[in-house]
Amino acid sequence: MIEWTGVILQGVLLGGLYALFAAGLSLIFGVMRLVNIAHGDLIILAAYLGLSTTMMFGVHPFAAALLVLPVMAGIGYVLQRGILNQTLGPDILPPLLVTFGLSVIIQNALLEGYSADPQKLSAGAIETASVSVGSLTVGLLPLLTFGVAVAVIASLQWMFYSTALGRGFRAVSDNQDIAQLMGLNKAHVFGLAMALALAVTGIAGILLGIRTSFDPSIGGGRLIFGFEAVIIGGLGNLWGTLAGGVILGVAQTIGAKIDPGWQVLAGHIAFLVVLAVRPNGLFPRVQH
Amino acid sequence: MSTPTVYRATRASRIAMIVAAFALIVLAAAPWWAGRADLRLMGEIFLYLSLACLWNLMAGYAGLVSVGQQAFVGFGGYMLFALTIFGGLHPITAILLAGLLAAVLSVPIASLIFRLKGAYFAIGTWVMAEVFRLTFAQISALGGGSGTSLPVGIVRSLASSRSGREALSYWLALGSAVLVIAAVYLFLRSRRGLALTAIRDSEVAASGLGIDIWRTKLEVYVVTSAFTAIIGGLIFLQKLRISPDAAFSVNDWTAFVIFIVVIGGIGTLEGPIIGTLLFFLLRETLADFGTIYLMVLGAVAIVVMLKAPKGVWGLIRDRYDLELFPLSYRIKLNDPKDI
């Protein structure tokens, strides 16, 4: 029994990482109805940027985040204004195919720059540190990751509903043209949304890099986990996305407990079951 | 009083058909004039052409943008291996049966992923392909994660000599490309094709005219899945070896196919043909550069999508009003002198 409690707890904490994968995806879909196929590759790009920063300056990965986050945000803003804004419109094909092309470019650029060898961010003692909760022992890093996920989602939620920037996001989300008439520059607002999404992606990339080894080819898999968390939780609901990540994480750790080969498959099956039973996700956004 | 007439075939399309018929005869004779390596390359070209036409039918006409067609390519490949090794079937029977099984399987899959809209549908198809990959990696009888080879006895059952097998595999590839193009062409010219074209142009208007959108899309999805599985079987009949990573590769069976269709011209029949030729031309000249080549391909696709969303064929068609496969209707107002 205690064994299974441990498995479920680990799944919950893993869900925090998946929620971080998903938060950026959820944010940009909410603001501009864009689904970024390159999202997973951008997570891996952030992990590699973290790797280069730690190597170049000999700093801890958490310190590297201070550089990686603004760089990712900058990439996001330039990407959105330079390319992605031109693809937005009633037709879903252009954004889909353009981000798909971006995904292939990022993946192969990383392959060219860093080779296919698996890499890892070394965070020192925190990787193996643990805390005891009753008779359970919990890794400090997964706990920290979950804490960061909750903090990120809480701040996004606050930003969305309590700041001028969030008001801008909600305005262009509701009606782009009227928002534009009210004096918002939607191209700029979209750029800011993508910058914010990629900053979150930067956090996710660094935490992923500390937790497991990574190579240029795994971006697609991370996109899928983030996407599953979004759909399980319900589109447009940030706290739902966290719940979706947790459900996915728990399904995966339970699957892995039964048979290590079943970890990822169990997560996909949980996703398909939710899709079959509750097509709009478990916590769809309440219509205001 | 003159009555306008409606027609479809143009002089260009008639000439194109005659040229195509001659080209087909020359290509069918390739085993007698082409070298072994060229034959293999041409076989691969025809299989990619078939995949591109099928993906184009789904994405360009039915609006079902899938990034998970590798699910059915891999399924067809694995069914070829399973049905010949365990079922004792002839490879060609096994490939046809694989198509049928894929059609059956695609119905419940569609009922799930059709709940996702637009781009989310795309990622949903990818999840499905991953489920396929992970499931086949669990089947130890088929080699699990490391895969398996087609036993020599089964390979020999195709033709006794090596050159005979290579010729047969080439003809199967050529035949499937011709069959797929002809099937898509005839389908698009039919009543249902008209419904599909209406959906492509406007879903709202099409549904207002009484077209059952969900059903039309389902039909396209099922037929495409079946054909894709058959092509997958042919691909792995050529390779003689299968593994989950090769069979369900998103790069090989979806990314390349998407680039072919986008560059050639999505939503046209000619586009995939032009795109396949351009793709292999690029590949044969740049393949030595490996990753750089893929980055160039990605960049070309992005530029085409942004600057010329109808692709190379779209540019040609807009410039010269050319249509090699006569799908649209043209109106001719009779010249008074003729009366």
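This is a predicted model: local features need pLDDT of at least 70, side-chain atom pairs count only at pLDDT 80 or more; totals for chains, interfaces and linings use all residues.
User: How do you know that chain A agrees with a compact globule?

Analyst: Set its radius of gyration against the globule rule. With 288 residues, a compact globule would have a radius of gyration near 19 Å. Chain A has 19 Å, so the value agrees. Along its principal axes, the C-alpha trace of chain A spans about 60 × 45 × 35 Å.

User: What makes up the secondary structure of chain A?

Analyst: Chain A comes to 11 helices and two strands. From the N terminus on, the order is α-α-α-α-β-β-α-α-α-α-α-α-α.

User: Why does chain B agree with the globule rule?

Analyst: Chain B has 339 residues, for which a compact globule would have a radius of gyration near 20 Å. The value for chain B is 21 Å, which agrees. Its C-alpha trace spans about 75 × 50 × 40 Å along the principal axes. Chain B has 16 helices and four strands.

User: Which domains is chain B divided into, and how far apart are their centres?

Analyst: Domain 1 of chain B covers 41-248 and domain 2 covers 250-323. The centres of the two domains, taken over C-alpha atoms, are separated by 21 Å.

User: What makes the two domains of chain B count as being in contact?

Analyst: The test is C-beta atoms, placed from the backbone, within 7 Å. By that test, 20 residues of domain 1 of chain B are in contact with 17 residues of domain 2 of chain B. On the domain 1 side, α3 (36-61), α4 (70-85), α6 (118-138) and α8 (162-189) of chain B each supply at least two residues. The largest share of that side, 11 residues, comes from α3(B). By class, the domain 1 side that touches domain 2 of chain B divides into 15 nonpolar, four polar and one charged.

User: Why is α3(B) called roughly antiparallel to α11(B)?

Analyst: The axes of α3(B) and α11(B) cross at roughly 165°. Angles over 145 degrees count as roughly antiparallel. The angle is past that cut-off, so α3(B) is roughly antiparallel to α11(B). The two axes come within 10 Å, and the crossing is left-handed.

User: Which residues meet where α3(B) packs on α11(B)?

Analyst: From α3(B) come Gly43(B), Leu47(B), Ser50(B), Leu51(B), Leu54(B), Leu57(B) and Met58(B). They meet residues of α11(B), including Val220(B), Tyr221(B), Phe227(B), Ile231(B) and Gln238(B). This contact divides into 11 nonpolar, five polar and no charged residues.

User: What makes α9(B) roughly perpendicular to α11(B)?

Analyst: Helix α9 (residues 191-201) of chain B and helix α11 (residues 213-239) of chain B have axes that cross at roughly 110°. The range for roughly perpendicular is 65 to 115 degrees. The angle falls in that range, so α9(B) is roughly perpendicular to α11(B). These axes come within 11 Å. The crossing of α9(B) and α11(B) is left-handed.

User: Which residues form the contact of α9(B) with α11(B)?

Analyst: Arg192(B), Ala195(B), Leu196(B) and Ile199(B) of α9(B) meet Ile213(B), Thr216(B) and Val220(B) of α11(B). By class, the contact has five nonpolar, one polar and one charged. Arg192(B) is the charged residue, because Arg counts as charged.

User: At what angle do α2 and α9 of chain A cross, and with what handedness?

Analyst: Helix α2 (residues 39-57) of chain A and helix α9 (residues 219-233) of chain A cross at roughly 120°. Their axes come within 7 Å. α2(A) passes α9(A) in a right-handed crossing.

User: How many residues of the contact of α2(A) with α9(A) are polar, and why does Gly count there?

Analyst: The contact divides into three nonpolar, six polar and two charged. Gly40(A) in α2(A) and, in α9(A), Gly219(A), Gly220(A), Gly221(A) and Gly226(A) are among the residues that meet. They are polar because the class of polar residues takes in Gly. Asp41(A) and Arg222(A) also take part; they are charged because Asp and Arg belong to that class.

User: How many residues does each chain give to the contact between chains, and what makes up the chain B side?

Analyst: The contact takes 32 residues from chain B and 31 residues from chain A. On the chain B side, α6, α13 (250-264) and α15 (291-307) each supply at least two residues. The largest share, 12 residues, comes from α6(B). By class, the side of chain B that touches chain A has 25 nonpolar, five polar and two charged residues.

Technical notes:
Residues are numbered from 1 along each chain as its sequence is written. Chains are lettered from A and ligands numbered from 1 in the order in which they are written. Domain bounds come from an automatic or database domain assignment. Axes are lines fitted to C-alpha atoms, for helices over the stretch in contact, and angles run from 0 to 180 degrees between N-to-C directions. Angles under 35 degrees count as roughly parallel, over 145 as roughly antiparallel, 65 to 115 as roughly perpendicular and the rest as oblique. A crossing is left-handed if the near helix is turned anticlockwise from the far one by less than a right angle, and right-handed if clockwise. The radius of gyration is taken over C-alpha atoms; the globule rule is 2.2 Å times the number of residues to the power 0.38.
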